Amino acid sequence: MADRDIALMAHLMRRAGFGATRDDLEAYVAKGYEATVEELLHPERQPDIDLDLMERYLPEYGNLGAIDFNQQAWVYRMINTKRQLQEKMSLFWSGVHCTGFAKVDHGRMMSVYLDLFRQHGLGNFKDLLIELSKHPTMVQYLDNVDNHKVNVNENYGRELLELFSMGVGMDGQINYTEDDVKACSRAFTGWNLHPAMPVFPYGRAVWRFRYDPTDHDNSEKTFLGQTGRWNGEDIVGIVMQQPATARFIARHLYNFFVADEPQVPAWKDTPPQDMNAIRTLEEAFTESKGEMRDVLSTLFNSDFFKNARFQKVKSPAEVVAGTMRLVKDHTEVKLGLWPIAMECKYMGQDLLNPPTVEGWHTGREWIDSGTLVERINFVADQVGDLSKPGVKLIVDRMSIGTSTMSPEAFVDGCLDLIGPVEVSQQSRRSLIEHAKSGGELRRATAAQRSSFAKRVAEMLQLIVATPEYQYA
Amino acid sequence: MASNGKDRVLVVLSLSGGNDGVNTVIPYSNPLYHDYRPTIGIPEDQVLRINDEVGFHPSMIELKQMFDEGKVAVFQGAGYPHPSLSHFRSMDIWHTCEPDKIAAEGWLGRAIKQIDPTTENVLTGVNIGRGLPRAFVMPGVPVASVGNLETYGVLTGVSGEAERMQALEVFSHMYAPAIGSGPVTDYLRETGTGALKGADILKEAPLKYSSNVEYGNFPIAWGMRDVAQVHLADLGVRILYSTSPYNAFDTHAKEAGDHARLWRQVSQTVSDFYQDLREHHRGEEVLLFMFSEFGRRAKDNGGGTDHGTGSVCFVIGDHVKGGLYGEYPSLKQDDLEDGNLRYKVDFRSVYTTMLEKWLGLDAKPIVGGTYETLSFL
């Protein structure tokens with residue numbers, strides 16, 4: 001029953017966005033895979049989320065002071081934006097170029113920080129690095145406000161190299177030295193903020209970047225073997241020339257979009273699981289001089305991507321937003337989104353507040369006994385609810401055809417429509433046994449149809465509880 | 001081990017939001033107190049006096065009684081160097097013992113690792129509440145996070161008792177170990193089986209529980225009642241955590257009413273909790289630590305107080321050498337730092353004492369350094 005094109009499209013939408021319902025998948029398949037990839041890569045061709053509507057119905061969206069409103073607003077966008085890849089890239093970048101609310105302590109600045117990725121996330125990586133270096137949220141988070149000509153603070157200079165562009169090392173070699181960190185940090189002196197408005201009486205104002213040339217160390221610096229009176233932009237230019245940068249970004253993209261890699265600290269000494277794939281992405285990065293759109297086009301159209309189904313453990317954001325898109329709930333602004341948005345936190349991903357500047361540990365580390373129970377219970381609660389439009393749609397599709405159905409067809413049908421999802425022989429056998437134990441699956445009378453609907457909902461609950469469903 | 005043969009247990013209660021220490025342990029005979037708090041100062045004759053200088057907030061009737069029985073250690077001026085006035089950041093600091101850098105591992109997670117290095121018991125640590133506090137975060141350490149003990153379990157969304165039992169049967173089959181599935185799926189299966197086991201074990205707790213004590217009907221009490229139920233169910237749980245509603249103690253405004261109500265609730269609940277345990281002869285092995293992420297400003301703002309430092313924390317239990325510890329931070333203008341009290345007791349020494357003297361653990365790797373062991377245990 002599983003259609004190859006549908007299965008591939010479902011994979012694309014799970015990875016490049018937050019998933020899609022069967023109806024949407026059929027429409028995308030009709031459009032074609034390459035055309036759909038193009039559409040994803042050009043968010044500007046889709047309407048943006050209607051912020052006015054959000055602000056009108058939920059006034060707190062217009063004054064995002066508390067962090068949880070920012071998280072809620074972001075989950076709303078993940079569920080509803082037509083610019084799915086743009087929003088997915090924001091999630092990607094927020095886990096690489098990290099800032100965290102625990103230190104920033106300014107809700108609105110966290111959403112302003114996300115806007116950076118919406119604007120530049122699919123553009124040129126060099127532009128992104130320069131804008132990141134000027135972004136007030138980042139300037140505060142990594143203490144560049146304390147980075148002065150007469151008193152250098154190395155926090156940003158270090159993380160820029162270690163976590164945001166090149167990484168510590170590659171192929172067993174280190175990529176930069178402590179002297180490079182010092183030079184880099186000196187180059188960013190003076191990259192500071194306007195003095196902040198006092199919080200009272202009008203509340204927190206948006207911070208603004210201010211370059212202070214009198215606070216900038218304009219002396220000669222040697223960075224990665226090149227000497228000059230480097231300023232921040234020059235550093236970024238030199239970083240862009242390094243093969244390590246292409247490698248680091250390629251590997252992050254692979255880890256986020258293709259298959260779970262080991263955690264970043266292991267990358268210096270542990271080679272990528274698919275070196276050919278990484279080289280392909282590196283080439284795309286280098287040839288396009290850092291155009292993320294080009295790299296992603298290569299990635300989504302590659303065989304290594306298409307064949308990487310279910311090679312990633314879903315992140316909590318993907319679980320939550322993906323489930324809401326599947327059951328088609330909160331597709332409009334209404335009350336009740338807050339507890340759903342908070343589920344990401346209970347599942348281990350406190351959006352806009354990663355535990356450290358290194359971001360979240362992904363892949364299998366999303367899972368522990370607490371978070372696994374949260375994930376299973378949350379999704380099962382949603383898909384077991386026959387009042388949800390998306391669940392009804394699945395029941396309707398299951399109800400097409402003859403009025404009886406074998407347990408095997410029943411299970412396979414549910415697996416197909418909820419995903420399509422692939423499960424192990426062991427899981428499939430257990431599900432079929434369970435379907436058998438419920439008696440014949442008939443839909444001739446109204447009473448039988450009602451019972452059938454309940455059994456579909458319950459089967460969906462069991463499917464989302466499988467170990468395999470934790471993968472995307 | 002306690003004298004009743006039971007393993008010692010640590011219960012942590014977080015008073016979230018920044019409890020106003022100056023209005024909790026009140027320096028009533030200091031004229032500066034009344035000068036600083038024209039709006040929310042507690043009148044001298046209402047204070048529950050401990051000595052000629054300080055006393056408890058009038059709401060803390062039961063806690064005062066327990067204090068008089070010698071069971072309450074009060075730490076005045078609890079804090080740490082370079083204090084943060086941000087809720088999230090300061091709470092993280094109390095959770096991770098790292099004031100100067102951002103850390104991801106928590107002290108309770110590390111403690112559990114020492115207590116149960118091979119995870120013989122998936123329930124060595126239990127958190128009452130949704131989402132795991134960073135105090136418990138430690139790779140490889142499973143901690144059940146129980147939002148509501150009565151309804152905790154796997155696949156709680158399957159309706160119907162019989163249907164749910166069947167669903168859990170299916171679940172256990174799907175998560176049984178299988179050959180050839182790869183390390184991540186193996187791990188998923190192991191974790192799922194462990195979670196099911198933990199949930200199965202935990203669901204016994206409310207069923208086994210019966211008590212004459214009637215707890216209050218508010219969230220602080222519900223949480224501590226769940227803690228009591230889990231402890232009394234004898235599941236080998238060694239560390240339990242509960243919290244007030246998020247930010248409840250953040251009394252920027254309306255402090256007079258809110259703070260009084262909160263301490264009424266805490267005092268009553270702590271008393272009910274210990275009474276409950278005592279009736280089951282299970283009180284002496286339980287140590288209760290109550291803390292808040294920071295204190296509040298020395299002067300009130302006309303209706304409440306703003307974020308501050310140098311708050312109070314409490315350790316309560318039968319084996320505690322009760323009394324006042326630390327030193328009341330000076331209220332003199334020249335001694336304040338930006339209007340805030342200077343801390344006197346580093347919270348890590350309170351942790352160190354509890355970890356070493358109560359739980360018999362090696363505190364240094366847990367709190368990240370050597371801190372003074374205090375004499376309250």
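At what angle do helix 21 and helix 24 of chain A pack, and how far apart are their axes? In this predicted model, helix 21 (residues 389–398) and helix 24 (residues 446–464) of chain A pack at about 115°, and their axes lie 10 Å apart. Helix 21 of chain A passes helix 24 of chain A in a right-handed crossing. Helix 21 contributes A:Val391, A:Ile394, A:Val395 and A:Met398 to the contact, and helix 24 contributes A:Ala453, A:Val456, A:Ala457 and A:Leu460. By class, that contact has eight nonpolar residues, no polar ones and no charged ones.

**The nonpolar core**

The largest nonpolar core has 247 residues. Which of its residues touch the most other members? They are A:Cys414 and A:Ile463. Helix 14 (residues 243–258) of chain A gives the most to this core, with nine residues. Domain 1 (4–306) and domain 2 (389–470) of chain A each supply at least three residues to this core. In soluble globular proteins, nonpolar side chains tend to be buried together.

Setting aside neighbours within four places in sequence, A:Cys414 is in contact with A:Met398, A:Val456, A:Met459, A:Leu460 and A:Ile463. A:Met398 belongs to the helix 21 side of the packing described above, while A:Val456 and A:Leu460 belong to the helix 24 side.

**Two domains in chain A**

The domain assignment of chain A gives domain 1 (4–306) and domain 2 (389–470). Their centres, taken over C-alpha atoms, are separated by 41 Å. Six residues of domain 1 of chain A are in contact with six residues of domain 2 of chain A. On the domain 1 side, helix 1 (4–16) and helix 2 (22–31) of chain A each supply at least two residues. Helix 1 of chain A gives the most to that side, with three residues. The residues on the domain 1 side divide into three nonpolar, one polar and two charged.

**Chain A against chain B**

How many residues does each chain bring to the contact? Chain A brings 34 residues and chain B brings 40 residues. On the chain A side, at least two residues come from each of helix 7 (101–104), helix 19 (337–346), helix 20 (369–383), helix 23 (425–437) and helix 24. Helix 20 of chain A gives the most to this side, with eight residues. The chain A side divides into 14 nonpolar, 13 polar and seven charged residues.

B:Gly131 lies in the loop between strand 6 (125–128) and strand 7 (144–146) of chain B. Not counting residues up to four places away in sequence, B:Gly131 touches A:Lys345, A:Tyr346 and B:Ser145.

**A residue in a chain B helix**

B:Thr193 lies in helix 6 (residues 183–208) of chain B. B:Thr193 counts as partly exposed because it has 18 C-beta neighbours inside 10 Å.

| Pair | Apart in sequence | Apart in space, C-alpha to C-alpha |
|---|---|---|
| B:Gly131 and B:Phe314 | 183 residues | 24 Å |
| B:Thr193 and B:Asn212 | 19 residues | 35 Å |

Technical notes:
Residues are numbered from 1 along each chain as its sequence is written. Chains are lettered from A and ligands numbered from 1 in the order in which they are written. This is a predicted model: local features need pLDDT of at least 70, side-chain atom pairs count only at pLDDT 80 or more; totals for chains, interfaces and linings use all residues. Axes are lines fitted to C-alpha atoms, for helices over the stretch in contact, and angles run from 0 to 180 degrees between N-to-C directions. Helices (H or I, at least four residues) and strands (E, at least two) are DSSP runs, numbered from the N terminus. A crossing is left-handed if the near helix is turned anticlockwise from the far one by less than a right angle, and right-handed if clockwise. Two residues are in contact if their C-beta atoms, placed from the backbone, lie within 7 Å. Ala, Val, Leu, Ile, Met, Phe, Trp, Tyr, Cys and Pro count as nonpolar, Asp, Glu, Lys and Arg as charged, and the others, Gly among them, as polar. Domain bounds come from an automatic or database domain assignment. A residue is buried if 20 or more other C-beta atoms lie within 10 Å of its own, exposed if 12 or fewer, and partly exposed in between; C-beta atoms are placed from the backbone. A nonpolar core is a set of buried Ala, Val, Leu, Ile, Met, Phe, Trp, Tyr and Cys residues joined through C-beta atoms within 7 Å.
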